[in-house]
Structure formats: C-alpha cells, structure tokens
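Trainee: I'd like to learn how to read side-chain features in a model. Could you walk me through one?

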There are 2 protein chains.
Amino acid sequence: MLHEADLAPAATAVFTAVLTEGPLSRVALARRLDLSSAAVTKGARPLIELGYLEELAATERTGPGAGRPASPLAVRADREFFVGVKITGDELIGVVCDLRAEIRTSAHRRLPTTDVDQVLTSLGELVDELLDGGYRARTHRLGLAVSGDVDYSTGLVRYSPFLRWRDVRLRERAEKITGLTVTVENDVKALTTAEHWFGEGVGVESFALVTVGAGIGCGLVVGGRLVSGAHGVAGEIGHIGIDANGPDCHCGGRGCVEAIAGADAIVREARRAAGRPELTLQDAVALARAGDAPIGAVFDRAGDAIGAGIAAVANLVGPARIVVSGEGLSAYDLFEPRIRVSFQRQAFGAASECPLSIRPLSFEQWARGAATVSIKALVAA
Amino acid sequence: MLHEADLAPAATAVFTAVLTEGPLSRVALARRLDLSSAAVTKGARPLIELGYLEELAATERTGPGAGRPASPLAVRADREFFVGVKITGDELIGVVCDLRAEIRTSAHRRLPTTDVDQVLTSLGELVDELLDGGYRARTHRLGLAVSGDVDYSTGLVRYSPFLRWRDVRLRERAEKITGLTVTVENDVKALTTAEHWFGEGVGVESFALVTVGAGIGCGLVVGGRLVSGAHGVAGEIGHIGIDANGPDCHCGGRGCVEAIAGADAIVREARRAAGRPELTLQDAVALARAGDAPIGAVFDRAGDAIGAGIAAVANLVGPARIVVSGEGLSAYDLFEPRIRVSFQRQAFGAASECPLSIRPLSFEQWARGAATVSIKALVAA
C-alpha cells in the first residue's frame, strides 16, 4: 500500500500526469512537467516498483526527430481499487472503481432513516458487499460524497440539509466501521474532481460543472485548482439572482436560479399551471413531453434561468468549458434547448464560445465522483 | 537598471514579499516563503547591491525565542520611479509613482481626438512633463491602462470602445515615443493589480474589485492570480443578467447590471422619471441628493442591481473581500446603502460575511493602477 508520504513531488507529478493524460513517454513527461529526464526516471521508479505504473512495449518511432524507441508509461488500472459511496436522504449508492476511475461494480442500499448510526451500519454492509466481489485485497480507500457543507480536511459534515446532519465526524466514524482510509467531500466537488481528473476537465486550466436536480450547484476549477471560497461558500450558482421580481427563495434571496429551476420550484409551478395539487415531478415531465403547453412553459422558464446562471459563470470566471449535468437532467430534453438559447443571449462577447456539454448523470456517477476523491488523495495528497 | 532576467526565483519571491508586506526580517521571510535562511540571504543580496532593498537598523528582540537582533529588509521606495497613464476617451491622466506605488506627482492632458497618432504625441508630451519633475534619471518604465480588450502579453489593444481603437500595437508605439519599457493592461485589471499588491488585496488568496462608472467591471484574483478567462472574457459583472424582464443591454443580453446601473442607463431612466430629456448625470445626482423621490428610485434600482451582481461574485467565487469603487462612485452616498442591502439579501449563507469596501476612486488612482502593472513587471516577471 502506498502512503502519500512515500512520494516525492516529482513522483506525484509523474503519477498525476500518467493517470490523467497517459500513457506518456518519459520524454513527453519531462517536457510536460518541465523536469529533467533524470527527475522523471527517478520519480517513476518507486511507482513502477510498487506496481502502479508499467512500461508499455516500445513503439518504434519514425519521422523527424526519431531516436530511441519510446516506452510509454501507463497506469496499471487494477493495481488498486477504490470504493465510492454517495449518501442521499433515502439511499446509499456505492461503486468500486479502479485506479483509472472506471466503475467495476456497483450496489445500492435503501436507507429507512438518516440516523447517523443506522446510516453507518448500512454503509459498513454496503462496503462489505462491494468488496466481496473480489476487490477486498486490493482496496484500501473509501470516498464518501454528501451534499451540503463538508470539510474535506477534517472529514466533518458540518451541515447536510437532506440528511438533517449537523457536525457529524463522518471520516472518523466510517474509518472505524470499514477499516479503510476514508475521504469525505461535498458531492458536487467530488463530481467536479471526477471531471477534472478523468473527464472533460482534463488538461484545461479552468472549467465548471453545473449540477441540476433538487438543488442547483456548481463546482469551479480555476488555475487548475478547485475553488473553495474564503468564507466557505463557492459555486452557489443556484443562488444567483436572475430575476429581480422573481419568487422568493428559501435562502432569503429573490429570483434565485434554484427558486425557478430547482425540482421543488418546478413541481410547484407545474401544479399551479395544471391546477392539480397532487402532480409529481414525473407527471410534469410526462405532460411536458406530451406537449402540454403551460407545463412546457414551466420547464422553459427553468431552462432560461439555468442558462442565465451558467452565463454568469462564463462572464465572471471564463472557464474553458462547462459541463451541465445532474439527476435533474434526466429530463434534459426539456431543458437543453432553452439552456443553450438563454446562455447564448446572456454570455458576453467571446464568453459565448465556451462549449457547454449538457448530459444526464446517474447516481453511480456521483458515487464514482466520491471514489475519485480517494484516488486523488492517494496520488496527489 | 534591473532586468527581470537578472532575478532568480528566490530573489523574485523575496522582492515581492518585502515590497507588498515588508519590512520583514530574513527569518520571517524564510518562514513565509518556505525557503532556507541561506536562500533568502542569497536572494536578497543582488537586490541590496542594486539598491532596491536595504537593511533597517537592527531592533533588539526580547521574550521567548529572542536570538540575534533582527535587521528587517525594507524597500527603498525612491530607488526607481514608474510612470502610469490612464487613457480615456477625452483625457490622459498621468502619475509618477515610487517603488511602493505612492503617487509623487500627477498631470493631465485633454485629448481633442482619439486618433492614435495624436494620442501618442500627447502621451509623449505628458510623460516628458512628468519626468521633468526630477524623475527622469531613475525612471525606466511606463504603464498604460486602457478600457476594453487588451492583450498584456503583446501590448496590443484589440478593441477599446471608448477610444474606438482596434488592433493598436500600443506597447510598441509607446516605447518608440517615450524610450521607456512599456506595459499595457486593461484598466480594471490594472486597478486590481494595485489593490492586490498595495491595497486591500495584500496577503489574501482571493479578492474582487468592482468598478462602477460608464461601465461596470470586475477584476478577480483567485488562488493569488488574476483571472483572465479561457476565452478572453472574465470579470464581466456588468453583463450578469439580474432581471429577466429588465431592459435590453447593448451586449445583446437582458437585464444586465450595466443596463440598469451603468451611467447611460441612469441618465436615461432619470430623464424619463423627470420628463426632462436634457438632464445630465450631474443633474440627476444633484436632484437625488436634494430628495427627489423618482430620481432617487433610479439610483436605488442601480444600487440594487450592483448589489445583486456583487452577491453573484461572492456566491460563485467566494473572495476574501470585495472592493467597490470607480468614478461612478463619486455619487456613492446614493448607491452605498442599497448596494449593501441587496448584497446581504442575495449573498448565500456565509458569503454574506465577505467584507465590502465601498469607496470612490479618482482618475489618478486608475493611473496609479497602470504604474503598479509596470512595478509588477519589474519585480515578478
């Protein structure tokens, strides 16, 4: 098992680059990391010895500058496995990922309550079930993702509204129950880490991930680093006010993106539009898809609000690209056109060139996000 | 004269720390910069030899840990002077600053036209006038600040609406005319650099400067670095849409902060409110101060819009502090209360703890911003 303390800075840099952008030859690594060839070779050595990296067969190089055949370094994806679990108000969703964050297996467990002791018991059982699939010997780390105010550095869940948790020492307690090394991260930040290391954020200095669902969140990477906010708040795209005369929001603001496009707001407006107080979100989606104009207008307004919020991100921070995702986007066919139109209208000048990837996201992907935080903790502590 | 190439990384780090946070002892510098004492001493040596730094008289230390008396390193502010010029559509505003960015003298020059040749001729004359005040021998650098789309790295003004300039090689041409080493920067970014190095941004990882005037702009520092935007756009707080049903903006968006709170918008709404199409901004300010309710409401709406835009910055990026300034804030008594109320309402959770400094700003301060960019170019290229 690798401990962070084992790795010199050059080794961490080599590991990170090969993991996120590899396979890469030593020459390419030296150029990319601004290191000497000797430093790359020295940095790679312990990682090869521990089995995390391997040399691929040499490929003959031809053309100008061809010299010795290059033996690219690649990650041995099955050298270690990582459990990731997303904790929601009514369910645990767990996956086992390999070192390249590919999902190898997954499992769910209903949560009858959000009582901390019971959730931890269920977590222990879920992890056991996952590891029993043949992963136990090579799994040492567990990543947990929770919505709300989470302190990664201490593993403390300060406040999670959906779970109704306050000041839960989740890392400590999960380590005791599972025997694994645990990371705890806010779920949107965990997803952002997954995109940054293994998705559309690879190799870009800045990008944003916007999640649409019960809440509307955003993870921001600027200068290659996740933005945390000096006062503990960042990425709160859901609470940008985009309609000065819009509905009041639970946060105390007015016309917030979330107060128009969050799941609760959509249900409320759809009920009003249909005059049917028992309407569910699923009903509303079905009606809109069937062409119900007043319900369709509710989704249109939501798409407009999300697009305006995303444009605010582009205008202020100028990310290289923006991914829009989240469980709310299971109805993304209803949102996508208006998100794009509204974004284009409100993005300033060249900010409108920022590519938007709009796609739905399964709960397994959230769990994978949790796992990638523990991969990152291994590689680049 | 010091060239950037002369300075090793440790020297740059020492110079930057002493300039922005000094005087500092070598021990304090070593601790702050995570360098060995030997590296600090070696880094400081050429700067002392060239006269940029000096050792202050040793102060006796007492109490626990007292050892040798510490001789703090300090900047010799008059070792070199820097000219800064802000170029507006009708005026050049120039200052001479010392190495600590203190303004030593200033001068103005009306611009009859924005023709590039004529502006450059006037610039040459203005710089001559400033240097004739006894600064010529120790001045080697000139910083220029221009509103609009400016490429710092090449010194090219891509587009400046107020000047009606497109693709002007300003650095090259200004160097030819003045014989000085020239930097060219966007005016809001230049002001942000001044706050970052010599103002409220010293020592914080992140902060924002919001400028209120003809346009509404924002400079953002995140992770200690000025945010530029992957597509060349960042800090466009003026084009965040905060009122989905608000007025159309010249940018193509709707309900932008600038479309409600920019100088043109205020004049337009004040004229409408008063039914007096000849009303000027000065008239509107005077009427609002005299208690005219409909005109006061125009400023209230503007303050609300600015506050909502600032809250969007706080919610998304979470800066440690935000400075609100600009020539538009000569009427800041009219804006300030509503900016604060609107910010507090729309800032999410702990983001509302972000301190706001709201203060007016003279054109000399913009010119000083231009000078600080050239100071930074000297110190930390």
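Predicted model: local features only at pLDDT ≥ 70, side-chain atom pairs only at ≥ 80, totals over all residues.

Trainee: How much area do chain B and chain A bury between them?

Mentor: The size of an interface is often given as the accessible area lost when the parts come together. Here buried area is what two parts lose of their accessible area (1.4 Å probe) on being put together, summed over both. For chain B and chain A that is about 3,500 Å², with 58% of it on carbon and sulfur atoms. B:H231, B:L316 and B:F348 supply 22% of the area that chain B buries against chain A, more than any other three residues.

Trainee: And how many residues does the contact take from each chain?

Mentor: It takes 43 residues from chain B and 43 residues from chain A, where contact means heavy atoms within 4.5 Å. Across this interface the rule finds 20 residue pairs in polar contact, both residues at pLDDT 80 or more. A polar contact is a pair of N or O atoms within 3.5 Å; within protein, one must be able to donate a hydrogen and the other to accept it, and residues adjacent in sequence count only if both atoms are side-chain atoms.

Trainee: Which elements of chain B supply residues to that side?

Mentor: β12 (216–222), α10 (293–317) and α11 (332–346) of chain B each supply at least two residues. The largest share, six residues, comes from α10(B). Helices (H or I, at least four residues) and strands (E, at least two) are DSSP runs, numbered from the N terminus.

Trainee: On to rings. How many aromatic pairs does the structure hold?

Mentor: Eight, over all chains. Rings of Phe, Tyr and Trp (its six-membered ring) pair if their centres lie within 6.5 Å; planes under 30 degrees apart count as stacked, over 60 as edge-to-face and the rest as tilted. A:F81 and A:Y135 have ring centres 4.9 Å apart and planes at 80°, so this pair is edge-to-face. A:F81 lies in strand β3 (residues 81–87) of chain A and A:Y135 in the loop between α4 (116–131) and β6 (139–146) of chain A, so the pair ties together parts 54 residues apart in sequence.

Trainee: What sits over the ring of A:W366?

Mentor: The charged end of A:K86, 4.2 Å from the ring centre. The rule wants NZ of Lys or CZ of Arg within 6 Å of the ring centre and within 35 degrees of the ring normal. Likewise, A:R79 lies over the face of A:Y52, 4.5 Å from the ring centre.

Trainee: How do I read a salt bridge?

Mentor: Side chains of opposite charge can pair when their charged atoms come close. The rule asks for a side-chain nitrogen of Lys or Arg within 4 Å of a carboxyl oxygen of Asp or Glu. The structure holds 46 of them over all chains, while the interface of chain B and chain A has zero. In one of them, A:R359 meets A:E200, with the closest N and O atoms 3.2 Å apart. A:R359 is partly exposed at 25%, and A:E200 is partly exposed at 21%. A:E195, A:E200, A:R321 and A:R359 are linked in a network of salt bridges.

Trainee: Last one: where is A:D98 placed?

Mentor: In strand β4 (residues 91–98) of chain A. A:D98 is buried, with a relative accessible area of 3%. A polar atom of the A:D98 side chain lies 2.8 Å from the backbone nitrogen of A:R100. Not counting residues up to four places away in sequence, A:D98 touches residues including A:F81 and A:R104.

Note on methods. Residues numbered from 1 in each chain as written. Chains lettered and ligands numbered in written order. Heavy atoms only, no water. Buried < 20%, exposed > 50% of the residue type's maximum accessible area, 1.4 Å probe, protein only.
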